[in-house]
Amino acid sequence: MKKNIGVYICHCGTNIAATVDCEELVRFSSALPGVKMARDYRYLCSDPGQDLIKKDIRELSLDRVVIAACSPRMHEATFRNLLSSEGINPYLLNIANIREQCSWVHHDRGKATEKARHILRAAVARVLGQEALTPRKFGIQPSVLVVGAGIAGIQAALNIAGGGMKVTLVEKSPFIGGHMAQLDKTFPTLDCSSCIFTPRTVEVARNRQIELLVNSEVTEVTGFVGNFKTKIRKNPTYVDFIKCTGCGDCVEACVLKKGVPSEFEEGMARRRAIYIPFPQAVPLKAVVDKESCLLLSKGKCKKTCVEACKAGALDFEQKEEVIEKEVGSIIIATGYDPFDPHLLPQYGYGVYDNILTGLQFERLSSPSGPNRGEILLKDGTVPKAIAFFHCIGSRDENTNLHCSRICCMASMKQAHLAKEKTGAEIYEFYIDINAFGKGYQEFYKRVREEGIFFIRGKGSEIFKRDGRLVVAAEDTLLGTAVEIPVDLVVLGTGLTARHDAEKVAQTFGISRSADGFFMEAHPKLRPVATQVDGVFLAGCCQGPKDIPDTVAQASAAAAEVMSLLNKGEIEVEPTIATIDPELCAGCKLCIEICPHSAIEFLEMKGISSVNEALCKGCGACTAICPNKAARQNHFTHNQVLAEVDSLVEKEFNVKAQNPNVKSMTND
Amino acid sequence: MKIDPKTFIHDYQLNICIQCGTCTGGCPVKFRSPLNMRRLVRETHLTDNFSSISKRAELWACTTCSTCSLRCPSGVKNVELIMGIRNFLANKGEVPSTIRDALENTLLQGNPWGRFRDRRADWAQDLGVKIFGEETSETLFYVGCAPSYDPRVQSVSTSLVRIFQKAGVDFAILGKKESCCGNEIRRMGEQALFKKLAKDNTALFKKLGVKRIITISPHCYNAFKNEYPDLNIPVQHYTQVLVDLIEAGKLHLSKELGISVTYHDPCFLGKQNKVFDEPRKILNSIPGCDFIEMERSRERSLCCEGGGGRMWAEGGTEGKRNGEIRIREAVALAAKTLATACPFCLLTFEDSVKTSGLAEQIVVKDIAELVMEALEVQ
């Protein structure tokens with residue numbers, strides 16, 4: 001059947017036209033085999049540009065279209081939609097990229113035009129062999145898995161539940177709230193963190209759309225967008241949550257009187273082996289830590305907790321449980337680890353008392369913390385001078401190169417609280433003040449007005465002289481080295497990727513950026529998506545963020561999930577692989593190489609077969625198949641070779657344009 | 001000779017400096033000289049009059065302890081910059097006269113003090129030590145310049161020989177054939193002489209079939225381990241060897257010393273080469289040795305000012321020496337002995353004990369000497 005190709009050459013303003021002779025391309029392509037019409041236009045993506053093409057399709061009965069313009073990443077979808085609207089299968093479009101791959105990277109107009117001709121001719125040769133394809137459709141499970149119940153996971157879960165969908169919220173630790181639950185007041189408005197946060201955590205526990213699984217981890221994810229199958233391991237807490245009233249009698253009774261450092265209090269206080277970390281904990285249930293519990297670790301204990309519990313909630317026979325959930329979409333909100341300042345020994349962290357991390361200061365300053373909010377030194381006295389060090393474990397080649405974004409503001413907020421509570425002399429050692437958010441610069445001005453000394457220089461070291469801590473740095477604005485005796489130092493410790501980020505990335509099949517955080521699909525335009533369809537990111541697991549940005553991103557992820565799930569069914573690109581059962585010899589090479597485990601072996605027939613739902617169309621099987629039984633839709637050997645043949649053809653010989661001449665494949 | 005400052009910018013990464021002052025803040029001579037490492041980086045980066053910078057006396061105040069480079073959040077090679085400027089001056093013959101003498105002496109006699117090459121092994125005469133050439137061994141005990149010639153440090157060399165003999169370690173020294181390792185030579189700016197020493201020493205060690213090198217000085221250890229391009233022979237500081245011997249039960253430290261001792265981490269052993277635990281393990285295995293940790297220890301150890309050619313430089317600094325500060329810190333801990341594991345630290349502290357008038361209260365010892373004392377059975 002004769003094919004009627006329309007070729008359209010875009011000037012892209014001067015982006016293309018300044019370097020490539022578009023009129024020459026029109027003349028050239030008019031003579032190519034199968035081409036019925038060739039035109040150029042200033043902006044093909046504009047409405048008049050698209051109308052021009054539509055008119056030609058109707059009047060000239062075009063059945064295939066080549067657009068010579070920008071990268072297909074920009075406008076392939078635009079023009080595919082155009083074809084669909086005119087009743088032509090969208091896979092009969094081909095884009096010749098003469099901008100990114102030609103006009104933008106060359107200066108010589110003659111040579112650039114020559115190259116554009118090659119690109120265009122290859123595109124026309126390819127489109128001749130392209131086939132109509134129909135997107136596959138699958139149903140979508142109307143439920144969501146949210147991993148991590150800090151502020152990001154909680155916000156996303158509440159948004160989605162509010163939209164009427166079922167959410168499974170999985171939290172690794174026995175309590176929800178993450179790092180935000182540990183904070184005292186929040187910058188720049190100085191809202192009390194627990195006052196604004198507790199209503200949210202309580203709502204999570206109350207909301208019937210949300211199933212909360214604490215002390216649990218996602219261990220396995222299979223399936224694909226709309227139809228993920230997940231396995232969640234629920235670790236034993238040795239307390240029956242249904243019976244437990246959260247009264248705390250067991251905690252009082254625990255024989256481990258000396259206790260172990262409390263995770264929630266950042267080691268600033270100790271807890272027993274059975275514990276409730278803080279009064280507003282959700283769920284408000286006691287849990288047993290099997291590492292420190294004498295019965296579970298040593299096998300010997302008086303079990304005073306069992307005696308004390310009037311509800312009979314203790315259950316040392318509890319075993320781990322595996323829960324399977326089928327969900328349509330997943331949001332990962334696993335948060336961050338604070339930087340461990342032991343890695344920078346010059347700061348004497350762990351050597352001296354009264355050197356704290358940022359989070360330790362939050363606990364010290366929190367009314368629910370070990371000192372009930374009084375900022376006191378280890379010996380119980382009030383500090384007279386306090387130093388805050390910025391950029392500890394951030395912006396540092398020796399640790400993490402990234403800026404942790406929150407530490408400048410957190411440090412200044414802490415300085416404000418410390419000034420208010422102690423009246424101490426306060427020094428902020430900084431490199432640059434990154435006060436980028438709404439109201440942040442104003443807050444910076446406010447703390448300066450409060451009489452806090454800002455010294456532009458990074459803290460170099462901390463040592464002790466005459467029993468007092470001494471901080472050493474340079475006041476770089478004066479060019480003078482300084483050594484200032486202080487009583488308390490707070491290290492503005494940065495945010496790092498969680499220690500188990502690699503394991504999580506592997507479980508969900510997502511990747512990480514160089515800084516170790518999870519990688520978004522596009523840094524600007526798809527900031528909450530991942531390269532795995534249906535898996536989204538929220539909060540600090542994607543990179544350091546303050547609370548407003550975390551909440552905004554969590555809501556964005558929730559919106560993405562809802563827009564996906566509301567469709568009810570999902571269209572998946574038809575550009576996947578198929579295996580010709582007549583040609584397959586059953587060698588299984590394709591099964592070995594498939595990165596998505598999308599090929600299965602049919603034992604009865606002795607051949608391999610592609611699972612359409614799982615295939616991502618990477619083409620690995622097509623390349624490795626020795627029999628050419630595996631075939632990649634939209635990238636068939638014929639199509640690709642037609643393009644290659646055309647590109648390597650030196651002379652523009654119109655007679656040699658038959659794309660089928662040199663191909664020797666089965667299709 | 002002209003220098004293109006762009007070379008400095010490129011070689012020492014000056015353009016990535018964020019001017020945070022971490023370098024200056026931690027510099028051991030920040031209060032003792034006008035040297036401001038941060039400003040030097042900036043000025044060298046921006047200047048079109050390099051000679052105005054290179055003439056400054058404070059360039060010789062740097063001890064090359066490397067605290068600045070190790071802490072720099074941007075990866076600026078501050079100490080290499082100092083050495084680069086000194087190299088520029090050495091090539092022009094514009095180094096201070098005492099430095100010039102040290103460099104010439106090394107070229108002529110193989111040691112910066114200009115002592116006779118032929119007398120390098122005099123200290124070992126009656127010790128029954130094998131000398132390469134006469135006898136052979138797979139282990140080279142590389143003595144170094146100060147331990148060969150300086151009467152105070154010779155006691156360290158002698159102690160180590162006796163310890164090794166007692167533990168049955170097979171080793172030999174180079175005797176008169178030993179030459180300076182060049183570590184300080186490179187730091188005084190004579191890159192060409194350093195390269196020559198490295199080449200000659202490497203060729204000599206290989207010719208003699210050396211399979212392992214033990215050094216007394218952390219400075220020699222650093223040169224062999226990090227700066228000899230083609231050596232490929234395992235190098236150990238003697239503290240690492242002693243720990244192995246003690247742990248293998250080959251050294252029986254039996255004599256109760258009944259002392260309280262603190263330890264100063266030498267920069268070239270500790271912060272630059274991360275040998276922190278071995279010296280402490282040795283001190284803790286000496287009977288009757290009450291070990292007290294200094295306030296500024298390990299990575300935060302305060303440089304004694306003995307490195308970077310400071311043994312041969314005069315002036316450039318003022319005020320109380322770090323050596324004296326360290327002695328006072330040790331005395332304040334009620335330590336009766338300040339131990340260290342570096343010939344230069346030993347010498348600067350011996351000086352400081354005298355100048356601070358605290359000789360009644362504290363003695364300075366090398367760890368090797370303490371081990372030797374603990375080995376001697378009454």
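Let's start in chain A, where four strands form an open sheet in the order β2-β1-β3-β4, with parallel pairing. At its edges lie β2 (35-41) and β4 (93-97) of chain A, each of which pairs on one side only. From one strand to the next, the twist averages 15 degrees. Keep in mind as you look around that this is a predicted model.

Inside that sheet, follow strand β1 (residues 5-10) of chain A to strand β3 (residues 64-69) of chain A: the two run parallel and are joined by five bridges. Helix α4 (residues 109-129) of chain A lies across β1, β2, β3 and β4 of chain A, and runs at about 165 degrees to β4(A).

Now step back to the whole chain. Chain A is divided by the domain assignment into domain 1 (5-135), domain 2 (143-235 + 320-336 + 497-566), domain 3 (249-308), domain 4 (337-496) and domain 5 (577-632). Taken over C-alpha atoms, the centres of domain 1 and domain 2 of chain A are separated by 43 Å.

Further along chain A there is some antiparallel pairing to trace. Strand β11 (residues 216-224) of chain A pairs with strand β12 (residues 227-234) of chain A in the antiparallel sense, over eight bridges. Here V218(A) stands opposite I232(A) in β12(A). The hairpin of β11(A) and β12(A) has two residues between the strands, and G226(A) takes a positive phi near 90 degrees in it. Strand β12(A) has another partner as well: seven bridges join β12(A) to strand β17 (residues 321-327) of chain A, and these two run antiparallel. To locate this pairing, look for T230(A), which stands opposite K325(A) in β17(A).

Next, cross over to chain B by way of the interface. Here 23 residues of chain B are in contact with 20 residues of chain A. On the side of chain B that touches chain A, α2 (22-26) and α3 (37-46) of chain B each supply at least two residues. The helix that gives the most to this side is α2(B), with four residues. Sorted by class, the side of chain B that touches chain A has five nonpolar, nine polar and nine charged residues.

Begin with helix α13 (residues 238-247) of chain B and helix α14 (residues 277-285) of chain B, which pack at an angle of about 45 degrees with their axes 8 Å apart. Because of that angle, α13(B) is oblique to α14(B). The crossing in which α13(B) passes α14(B) is left-handed. On the α13(B) side you will find T239(B), Q240(B), L242(B), V243(B) and I246(B), which meet E278(B), P279(B), K281(B), I282(B) and S285(B) in α14(B). This contact has five nonpolar, three polar and two charged residues.

R152(B), V153(B) and V156(B) of α9(B) make the contact with P343(B), L346(B), L347(B) and E350(B) of α16(B). By class, these residues are five nonpolar, no polar and two charged.

Finally, α16(B) also meets helix α15 (residues 322-332) of chain B; their axes come within 8 Å and cross at roughly 75 degrees. That is why α15(B) counts as roughly perpendicular to α16(B). From α15(B), the contact draws on G323(B), E324(B), R326(B) and I327(B), and from α16(B) on T348(B), F349(B), D351(B), S352(B), V353(B) and T355(B). The residues of this contact divide into three nonpolar, four polar and three charged.

Key
Residues are numbered from 1 along each chain as its sequence is written. Chains are lettered from A and ligands numbered from 1 in the order in which they are written. This is a predicted model: local features need pLDDT of at least 70, side-chain atom pairs count only at pLDDT 80 or more; totals for chains, interfaces and linings use all residues. Two residues are in contact if their C-beta atoms, placed from the backbone, lie within 7 Å. Ala, Val, Leu, Ile, Met, Phe, Trp, Tyr, Cys and Pro count as nonpolar, Asp, Glu, Lys and Arg as charged, and the others, Gly among them, as polar. Axes are lines fitted to C-alpha atoms, for helices over the stretch in contact, and angles run from 0 to 180 degrees between N-to-C directions. Angles under 35 degrees count as roughly parallel, over 145 as roughly antiparallel, 65 to 115 as roughly perpendicular and the rest as oblique. A crossing is left-handed if the near helix is turned anticlockwise from the far one by less than a right angle, and right-handed if clockwise. Two strands pair if DSSP finds at least two bridges between them. Domain bounds come from an automatic or database domain assignment.
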